[in-house]
Each structure stands twice: as C-alpha cells, then as structure tokens.
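These are my notebook entries on one structure. I record what I looked up, entry by entry.

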Amino acid sequence: MDPMTTILGGLGLFFIGVKLIGDNLKRMTGKRFRSLARKTTNSPIMAAALGTLSGALTQSTSAVTFIAAGLVTAGLVEPRKAMPLVIWSNLGTAALVMAATLNIHAFILSLLAVTGLCYFMDLHKATQWRALLGAMLGLGLLFLGLDLMKSGTEPLRAIAIVRDFVTFSSTSLFIAFLIGALLTLVAQSSATVSVIAVTLVSTGILGMDQTVMIIYGAGVGSGLSVWFLASNLTGTPKRLINLQMVTKMAGGLVLVPLFLLEKASDIPLVLDWVAALSPDPARQAAWIYLIYQISATVSVTLLSRPLATLIEKLQPPNEEEALSRPQFLQESALQSPETTLDLVDRELARMVFHLIAALDNLRLDMAHRDDLSHHSLLLTATQSLGEEIQGFLADLTDQDPPREAMEGAVIAQNRVSLLLDLRDTIEEMIQAVEKEDQIAPEVAPLAHALLESLHLTLGLLAEEIVLRDPEGLDTLVAMTADRSDMMERTRRSLIHRSRQLDLSAQELLFATTAQFERAQWLIHRCARLTRGRDDAPPIAVPSGP
Amino acid sequence: MNLLEKGYVTMTVTVENADGIQVVVLEGRLDSMNASSVEGQLNGLVTAEHNRIVVDMAKLDYISSAGLRLILVMAKQVKQVGGKLVLCGMQSHIREVFEISGFLSILTVVETRTEALTSAV
C-alpha cells in the first residue's frame with residue numbers, strides 16, 4: 001500500500017480517537033468534575049491533583065480551563081482558587097504522550113476486541129455505558145492510528161524526496177518550532193501534535209532536534225490556541241485563560257534557551273539528561289514533553305502570587321460582573337448573623353440602584369447623558385445579584401442562627417423575592433415603552449410621568465433600606481398605597497380626552513399603567529417589610545451605580 | 001441640542017413674602033440638571049420663624065423625579081420645624097405627576113395662591 005495513504009489513514013484514526021476520548025470522558029466526568037472542583041479548590045494541593053487528573057483524562061487543557069472559567073463565571077469558585085486546577089492540567093496531558101511510547105499493541109487490540117463485542121451486543125445504546133464505550137473505542141482507534149502511521153512512515157525513509165525534505169528542515173530549528181506551533185493551532189492540542197512527533201521520531205523520519213523543537217513549538221502554539229478560543233471572553237473568567245496561556249508559554253521560555261545553549265556550547269543539559277534516561281528516541285521525545293509540562297507547571301506555580309496580581313490588574317472584572325457580584329457579602333460575614341443582615345441590606349439597596357439606573361435609559365431627564373449602562377445589562381445584573389443574596393441567606397439560615405437573626409433572614413429573603421419580582425415588572429415596563437417612536441403622542445406624557453414617579457419611589461426605597469428611618473418608611477408606605485382607583489380614573493380620562501386613541505396605544509396604556517401599579521405595590525410591600533426591622537442603628541448609604 | 005433644550009437655563013426660582021408666609025415661585029423645568037441648584041437657592045428658607053411655605057407652581061412646565069424629591073425634602077424640613085407647606089397652581093399634567101407619585105395623599109395641594117395663603121396660615 002502507498003505509504004502516504006497509510007499515514008493519512010492512521011492520522012485519521014488518531015484524530016477520531018482523540019475526539020472520541022475527549023468528548024466521552026467529558027460527558028462522563030462533566031457534572032462530577034464541577035462538583036469536585038467546587039469542593040477541592042479550597043485546598044491548592046487537591047486542586048492541583050484534580051487538575052492533573054482531569055488533564056490526563058480529557059487530554060485537553062483547553063477543556064479544563066474553560067470548565068474552570070465557567071465555574072468562575074457562575075461564581076461557584078474564586079478565580080485564585082481555580083488557578084492550580086488550570087496550571088496543573090498541563091502535567092496530566094503528558095499521560096497520553098508517555099503511553100504512546102509504550103508497546104501496548106496487544107493491549108490495544110484486546111481493548112478493541114472487547115469494545116467491538118460490546119457494540120455488537122448493542123451495549124452502546126444503554127445510557128450508562130455509552131460514554132465509557134465511546135472512550136474505549138477512541139483509545140483503541142487512537143493507538144491503532146499511531147501503529148498505522150508508524151508502519152506507513154518506515155518505507156518513507158527510503159524515498160529521496162522525503163530524505164531531502166527532512167535534511168532541509170533539520171537545518172532550521174525555527175521552522176520545526178513554527179510547524180509545531182501552527183499544527184497545534186489547527187489541532188487545538190499540543191499533546192496530539194507531540195504524539196505524532198514522537199511517532200515520527202521513532203521511525204527516523206524526524207531527527208531528535210527537530211522533534212524537540214516541534215514539541216516546544218506545540219507548547220507555545222497551545223497557549224496561543226487557548227487565547228484565540230477565548231477571544232470573546234472578558235472579565236474575571238478571562239484571567240484563567242491568560243494564566244493558561246502564560247503557563248504554556250513559560251515552558252518554552254525556560255526550555256528553548258536551554259536547548260539553544262546546549263546546542264551551541266555542548267554543556268550537557270536537557271537533551272543529555274533525556275538521553276541518559278532512555279536510548280529510545282521516542283521515549284526521549286516523550287520525556288521532553290513531560291519536562292516541558294513540569295517546567296511550565298512548576299515555574300508558574302512558584303510565581304503564582306505575583307502572576308495572579310498582575311493578571312488581575314490587566315484583566316479587571318467587566319461591568320456586568322462588577323454589578324452582579326455582591327460587594328459587601330463575604331463568607332466571613334456568616335460568622336456574625338447580625339452584621340450579615342446589615343450587609344444584606346446594602347446589597348438589597350444595590351439591587352434597587354440597578355433598577356433606578358435601568359430606568360434612567362428611558363427617562364427624558366437623562367437624555368443628555370451618554371455614560372449610562374444599558375438597561376438589559378443592569379436588569380441581568382439585578383437578577384444575578386438577587387440570586388447571590390438568596391444563596392447567601394440560605395447559607396445563613398442553614399447555620400441555625402439565633403431566633404432574631406433567623407427572622408431577619410426570612411424577612412430579607414422575602415424582600416429579595418419582592419425585588420426580583422420588581423425587576424421583572426420593570427423589565428416588562430421598559431420593553432413596553434422603550435420604542436419611543438412607537439408610542440402614541442397622547443400616551444407619551446403619561447408614560448414619562450409613570451417613569452418619573454417610579455424612579456422617585458425606587459430612590460426612596462433604596463435610601464430607606466439602608467437608613468431604616470421609620471418616618472421616611474411611613475411616607476413611602478403612604479405614597480405607594482393602593483391607588484388603583486386613581487389609575488383607573490387616569491386611564492379613562494386619557495381615553496376620553498383622546499378619542500382617536502388606536503388599539504395599540506390603548507394596549508400600551510393599559511400595560512404600562514398595570515405594570516406601574518404592580519411595581520408600586522411591590523415597593524409598598526418591600527417598604528413595609530423593611531419597616532419591620534427598624535431596631536438596629538442606621539448604616540451609611542452606599543453610593544449608587 | 002442647545003443649552004435651552006438641555007434645561008440648563010430654563011428654571012427660575014423667586015421667593016416672595018406675603019404677610020410672613022414665604023412664597024416660592026417655580027418657573028420652567030425642575031429636573032436633575034437644576035434640582036441641586038434650586039435646592040441651594042432654597043437652603044435656609046425654612047426656619048423655626050419662617051415655617052409657613054407656599055410653593056406656587058403655576059408656571060412650572062415640567063418636573064422630574066429629582067424635582068419631586070426636592071419638594072419632599074422641603075416638606076420634611078417644614079414638618080421638622082412644625083410649620084406648614086402648601087402647593088398651589090399646578091397645571092393639569094404636573095398635577096397628574098403628583099397624583100401618580102402619591103404626593104396628593106401626603107401633601108396639601110390647592111388650586112390657587114389665594115387658597116394656599118389661606119391654608120398656610
């Protein structure tokens with residue numbers, strides 16, 4: 001058979017194998033990984049161990065990094081605690097490269113035989129076996145592909161043009177480095193490219209120096225690949241991406257100069273060391289890959305504190321994150337339930353400030369401002385912040401605090417629910433009136449009056465949540481008392497005055513007034529609940545968004 | 001958009017004295033652009049001696065939440081010194097804003113300045 005066809009066929013099987021292993025292991029471990037990551041990131045050693053294991057299982061540092069970034073985005077893990085997970089996943093990827101040098105031909109064929117039998121018995125259709133059988137099939141195909149490539153490359157050495165090409169490329173180590181980086185950008189995995197290089201060096205197609213530079217190039221290319229994949233990410237999750245990129249680059253920064261020094265000066269360094277470990281070029285190349293990952297992982301781990309500070313400075317939280325995250329609630333606050341409730345009040349006030357800012361987008365009074373945050377961003381942030389506060393209050397009540405604190409926590413939970421309902425109502429109201437040009441001129445003044453009124457009562461609510469001035473709360477309760485008769489009169493009056501009001505304008509009129517009424521009722525309820533806990537001294541008003 | 005449209009120069013505040021009652025005449029637009037300036041002008045107006053205030057809004061064309069809040073602050077100050085605040089002369093659309101905001105249930109609002117002066121005594 002034509003050697004090139006054999007190599008390409010082997011390469012195809014290898015790629016299918018890599019994909020099958022990664023996809024199926026991710027499916028098997030996804031949920032468990034998330035739960036494990038939450039638990040283990042409190043200990044840097046456990047997080048590093050989990051990172052190494054997940055790197056070995058998924059053979060994709062990108063996958064581990066993106067899952068970790070997802071956990072950070074969801075607020076389940078702090079970015080700094082996720083760092084060991086991301087850094088040490090690199091070490092795990094060495095498992096495949098090391099395994100590729102072992103003679104496990106008989107094991108792989110046996111594995112394929114068992115897997116094939118299971119497929120024949122339709123076990124792959126059962127949910128509980130599907131992912132495992134997929135991963136087993138992937139592993140079998142991957143090593144079968146490598147075998148095919150080996151058998152295809154051996155005859156190539158005899159072909160003059162191949163010999164000439166290898167001789168040419170061996171004259172420029174830079175080209176080998178570039179090839180490693182570019183192939184990794186395409187394959188999205190330095191381990192994949194390195195396994196191919198290990199296979200080619202074992203058959204003599206590649207020289208040792210070229211293979212080393214391809215592996216180093218693959219490491220750097222892998223860093224670029226993660227960075228390209230995450231180009232749409234911003235804020236805190238991007239910090240982990242940047243960290244992964246730095247980790248991958250760090251291996252190159254340490255080892256490429258050492259390699260060049262060793263070649264130029266004959267000082268025995270890494271090449272000499274791996275030659276002592278094994279006479280087999282394939283094993284030497286696999287050791288090189290492992291050394292690259294160790295260098296990267298260890299150097300970045302040693303520098304992790306200043307590196308984290310630098311990355312945090314370069315990658316501040318984005319606007320939505322800053323608005324969504326609690327500013328005052330920290331886990332340590334749970335140790336003092338009374339203080340926690342004051343801090344919860346500050347966060348509740350922030351929720352209201354977000355809603356005020358969302359309304360600002362539509363108010364004529366703010367038409368001159370060009371620095372407003374978009375209302376959709378503010379409404380999303382209000383939702384997230386509310387959910388964070390709910391989670392915090394749930395943690396507080398789980399601790400079985402003193403009765404007074406428990407009552408305060410339950411009232412606070414009710415107020416969060418009211419504010420989340422208020423957020424939904426305001427969103428509906430904004431959607432109804434945001435298309436200024438579609439509002440009938442007869443309805444527009446009333447719509448703006450409703451916005452101004454709601455803006456005022458929201459402002460008073462935010463103020464009173466933190467000040468808890470009984471007189472101010474009584475005023476707010478009185479202002480937001482049931483005025484459905486008045487609203488009905490206003491609607492009738494407008495319809496009476498504007499006899500030409502078409503159906504859509506009438507719909508808008510009914511929708512906005514009904515939403516306004518609901519919003520005022522929710523503010524009223526929230527003010528009454530706030531009035532319920534006015535025994536504590538007032539606290540400083542936080543600045544608005 | 002020029003300064004007039006932006007509302008920078010469209011608010012005038014005049015304070016008159018009518019038999020010991022302070023009459024604040026608001027003219028133009030009372031919004032976030034000028035509310036703090038108006039608040040500054042009215043600072044010190046309400047005292048224990050001068051605690052009867054009438055706010056004449058006949059020439060007030062627009063009021064935003066910032067303006068409403070200013071009126072609320074003034075009402076609080078008057079209450080603290082045991083005085084009386086009366087609002088009068090509102091155009092129908094301004095009255096609608098006050099009614100929607102729930103101010104009519106917590107403040108004294110009358111039609112004319114004469115009524116207001118009588119009510120403030």
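Entry 1. I began with helix 2 (residues 35-42) of chain B, which lies across strand 1 and strand 2 of chain B and runs at about 20 degrees to strand 1 of chain B. Helices (H or I, at least four residues) and strands (E, at least two) are DSSP runs, numbered from the N terminus. Axes are lines fitted to C-alpha atoms, for helices over the stretch in contact, and angles run from 0 to 180 degrees between N-to-C directions. Contact means heavy atoms within 4.5 Å.

Entry 2. I noted the basis of the values. The model is predicted: local features need pLDDT of at least 70, side-chain atom pairs count only at pLDDT 80 or more, and totals for chains, interfaces and linings use all residues. Residues are numbered from 1 along each chain as its sequence is written, chains are lettered from A and ligands numbered from 1 in the order in which they are written, and side-chain values use heavy atoms, with hydrogens and water left out.

Entry 3. I looked up the sheet of chain B. It is an open sheet of 5 strands in the order 1-2-3-4-5, with mixed pairing; two strands pair if DSSP finds at least two bridges between them. Strand 1 (11-18) and strand 5 (108-110) of chain B are the edge strands, each pairing on one side only.

Entry 4. I followed strand 2 (residues 21-30) of chain B, which runs antiparallel to strand 1 of chain B and is joined to it by 8 bridges. Glu16(B) has Val23(B) as its bridge partner in strand 2 of chain B. The two strands form a hairpin with 2 residues between them, and Asp19(B) in the turn has a positive phi of about 55 degrees. Is strand 2 of chain B mostly covered or uncovered? I found 8 of its 10 residues buried, so that the strand is mostly covered; buried means under 20% relative accessible area, exposed over 50%, partly exposed in between (1.4 Å probe, protein chains only).

Entry 5. I then turned to strand 3 (residues 52-63) of chain B, which pairs with strand 2 of chain B in the parallel sense over 8 bridges. In strand 3 of chain B, Asp56(B) stands opposite Val25(B).
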